[in-house]
Amino acid sequence: MEGNERRFAKEIRRNVSGVREDFIEPGEWGRLLSLERRLAAWGIPLEPGKKVLEIGSATGIFLDQMREKGIDAVGIDARPRGKGGAPHAAARIEQLPFPDRSFDFVISSSVFDDIVYDQDQAGMLQEIRRVLQPGGVFVSNADLINQPPQDMEIISPETSVFLRVYKKV
């Protein structure tokens, strides 16, 4: 990778949190509250009982918060570091260990970035489509996706740079 591309990717990562602050609620539960608020505004409720897969679950804090609200959330991460009670496993997005049509929602945050990571984005999006139920929702937050997902319609406004919401058709 070129030196300038690597520096540019690092600069984006460094600045994403500052740009995102304008739409994330303050406090420990801010990320979940903001996501619920935005999805509700688009007529997509994230309610108790919904099945959610978080891709890039890291420590599992977001999973624990969703589960505390009655959302059936599980996560995967290439290197899970969770200490909470929510189920999450070590897996790559290109090979999700779940049956077809398992989830109402798939949430990804800062996972798609082929400048920083060695990844097959087409394969990742294919797996996300596979595990989503018909009408399921893919929430992409601060991801650098090269091609929009096939067979999915965009729900979020085009002006939303860091949050993209797609619905499986």
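Mentor: One term before we start: two strands pair if DSSP finds at least two bridges between them. Helices (H or I, at least four residues) and strands (E, at least two) are DSSP runs, numbered from the N terminus.

Trainee: Okay. Where does the model come from?
Mentor: This is a predicted model, in which local features need pLDDT of at least 70 and side-chain atom pairs count only at pLDDT 80 or more, while totals for chains, interfaces and linings use all residues. Residues are numbered from 1 along each chain as its sequence is written, and side-chain values use heavy atoms, with hydrogens and water left out.

Trainee: How many helices and strands does the protein chain have?
Mentor: There are four helices and seven strands. Starting at the N terminus, the order is α-α-β-α-β-β-β-α-β-β-β.

Trainee: And what order do the strands of the sheet have?
Mentor: The seven strands form an open sheet in the order β3-β2-β1-β4-β5-β7-β6, and the pairing is mixed. At the edges stand β3 (88-90) and β6 (152-154), each with a single partner strand, so one side of each has no neighbour in the sheet.

Trainee: What holds paired strands together?
Mentor: Strands of a sheet pair through backbone hydrogen bonds, either parallel or antiparallel.

Trainee: Which sense do β1 and β2 pair in, parallel or antiparallel?
Mentor: Parallel: β1 (residues 51-55) and β2 (residues 72-77) are joined over five bridges. Ile-55, for instance, has Ile-76 in β2 as its bridge partner.

Trainee: What about β5, which way do β4 and β5 run?
Mentor: β4 and β5 run parallel, with six bridges between them; Ser-109 has Asn-141 in β5 as its bridge partner. With β7, β5 pairs in the antiparallel sense over five bridges, and Val-137 is opposite Lys-167 in β7.

Trainee: Is β5 covered or open, and how many of its residues are buried?
Mentor: Mostly covered: seven of the ten residues in β5 are buried, where buried means under 20% relative accessible area, exposed means over 50%, and partly exposed is in between (1.4 Å probe, protein chains only). In β2, five of the six residues are buried, so that strand is largely enclosed by the rest of the structure. For the protein chain, 42% of the 169 residues count as buried.

Trainee: Switching to helices, how do α2 and α3 cross?
Mentor: The axes of α2 (residues 30-41) and α3 (residues 61-68) come within 10 Å and cross at roughly 60 degrees. Axes are lines fitted to C-alpha atoms, for helices over the stretch in contact, and angles run from 0 to 180 degrees between N-to-C directions.

Trainee: Which residues meet there?
Mentor: Arg-31, Leu-32 and Leu-35 in α2 meet Phe-62, Gln-65 and Met-66 in α3. Contact here means heavy atoms within 4.5 Å.

Trainee: Last one: which strands does α3 lie across?
Mentor: α3 lies across β1, β2, β3 and β4, and runs at about 170 degrees to β2.
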